[in-house]
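Here is a quick tour of how the inside of this fold is put together. Have the sequence and the coordinates open while you read.

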Amino acid sequence: MAESVVLDPVDLHLLRLLQNDARMTYRDLAAQVGVAPSTCLDRVTRLRRCGVILGHRLELDPAKLGRGLQALLSVQVRPHRRELVGPFVERIRALPESLTMFHLTGPDDYLVHVAVADMADLQRLVLDEFTARREVARVETRLIFQQWDCGPLLPPSPSAQSG
């Protein structure tokens with residue numbers, strides 16, 4: 001497990017603001033947090049260097065890219081052995097329809113978030129890319145009606161850690 005980093009209120013405020021708008025300038029960040037722009041730059045650089053900030057993402061609208069239907073695919077792989085799992089994960093991650101992939105505990109081994117054009121495209125994806133693979137024992141599909149982003153992600157409060 002990775003070591004957690006000690007963050008003070010200024011760090012937390014910076015992270016909250018950057019999670020809501022990663023394109024904010026250091027001058028705007030500094031003004032909202034109440035520190036000098038050079039201090040802001042130093043803080044953000046430190047947060048990157050110690051691995052708290054992993055990067056910046058560009059978020060796209062799948063529907064505007066012709067992928068208006070999203071689903072979660074629960075996948076069971078049998079036998080669950082490294083020599084089968086590695087190539088399976090590589091293949092699914094390389095699919096243009098795959099948005100996110102999770103390795104799980106429990107009866108299902110993987111949860112894959114996909115975006116496709118329509119139901120026929122989803123059926124093609126499941127049959128041609130998942131169930132056609134010899135190591136895939138079962139696929140269960142759930143359509144996504146609506147999705148909300150949550151956050152921002154911050155460390156647990158001291159009271160939550162002790163309770």
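Let's start with Leu-122: setting aside neighbours within four places in sequence, Leu-122 is in contact with Leu-69, Ala-71, Leu-73, Val-114, Val-116, Thr-141 and Leu-143. Contact here means heavy atoms within 4.5 Å. A word on provenance: this is a predicted model, where local features need pLDDT of at least 70 and side-chain atom pairs count only at pLDDT 80 or more, while totals for chains, interfaces and linings use all residues. Residues are numbered from 1 along each chain as its sequence is written, and side-chain values use heavy atoms, with hydrogens and water left out.

Leu-122 also shows up in the largest nonpolar core, which has 19 residues; Leu-73, Val-75, Phe-88, Leu-122 and Phe-130 are the ones that touch the most other members. At least two residues of this core come from each of β1 (69–77), α4 (82–94), β3 (110–116), α5 and β4 (136–143). The largest share is that of β1, with five residues. There is also a second, separate core of 13 residues, with Leu-14, Leu-15, Ala-30 and Cys-40 among them.

For the cut-offs: a nonpolar core is a set of buried Ala, Val, Leu, Ile, Met, Phe, Trp, Tyr and Cys residues joined through side-chain atoms within 4.5 Å. Buried means under 20% relative accessible area, exposed over 50%, and partly exposed in between (1.4 Å probe, protein chains only). Helices (H or I, at least four residues) and strands (E, at least two) are DSSP runs, numbered from the N terminus.

## Aromatic pairs

How many aromatic pairs does a search of the whole structure find? It finds two. Rings of Phe, Tyr and Trp (its six-membered ring) pair if their centres lie within 6.5 Å; planes under 30 degrees apart count as stacked, over 60 as edge-to-face and the rest as tilted. Phe-88 and Tyr-110 make a tilted pair, 5.3 Å centre to centre with 55° between the planes. This pair links distant parts of the chain, since Phe-88 sits in helix α4 and Tyr-110 in strand β3, 22 residues apart. Phe-88 is buried at a relative accessible area of 0%, and Tyr-110 is buried at 2%.

Phe-88 and Phe-130 form an edge-to-face pair, 6.5 Å centre to centre and 75° between the planes. Here too distant parts of the chain are linked: Phe-88 is in helix α4 and Phe-130 in helix α5, 42 residues apart. Phe-130 is buried, with a relative accessible area of 0%. Phe-88, Tyr-110 and Phe-130 form one aromatic cluster.

## A buried aspartate

Asp-121 is found in helix α5 (residues 119–130). Is Asp-121 buried or exposed? Its relative accessibility is 15%, so Asp-121 counts as buried. A polar atom of the Asp-121 side chain lies 3.0 Å from the backbone nitrogen of Ala-117. Neighbours within four places aside, Asp-121 is in contact with Arg-67 and Val-116.

In helix α2 (residues 26–33), the buried residues are Leu-29, Ala-30 and Val-33. They sit on the same side of α2 because they cover an arc of only 100° around the axis, where the arc is that of the directions from the helix axis to the C-beta atoms. An α-helix has 3.6 residues a turn, so residues three or four places apart point the same way.

The buried residues of α2 pack against α1 (9–20) and α3 (37–49). Turned away from that buried side is the face with the exposed residues Arg-27 and Ala-31. Just after α2, Gly-34 takes a positive phi of about 90°.

## Cis prolines and cysteines

Most residues other than glycine have a negative phi, and most peptide bonds are trans. The bond from Arg-78 to Pro-79 is cis, with omega near -10°, and Pro-79 lies in the loop between β1 and α4. Gly-151 and Pro-152 are also joined by a cis peptide bond, with omega about 5°; Pro-152 lies in the loop between β4 and α6 (158–162).

As for disulfides (a pair of cysteine sulfur atoms within 2.5 Å), a search of the whole structure finds zero. The sulfur of Cys-40 is 15 Å from the closest cysteine sulfur, in Cys-50, too far for a bond. Cys-40 counts as buried at 0% relative accessibility, whereas Cys-150 is exposed, with a relative accessible area of 76%.

Notes
A polar contact is a pair of N or O atoms within 3.5 Å; within protein, one must be able to donate a hydrogen and the other to accept it, and residues adjacent in sequence count only if both atoms are side-chain atoms.
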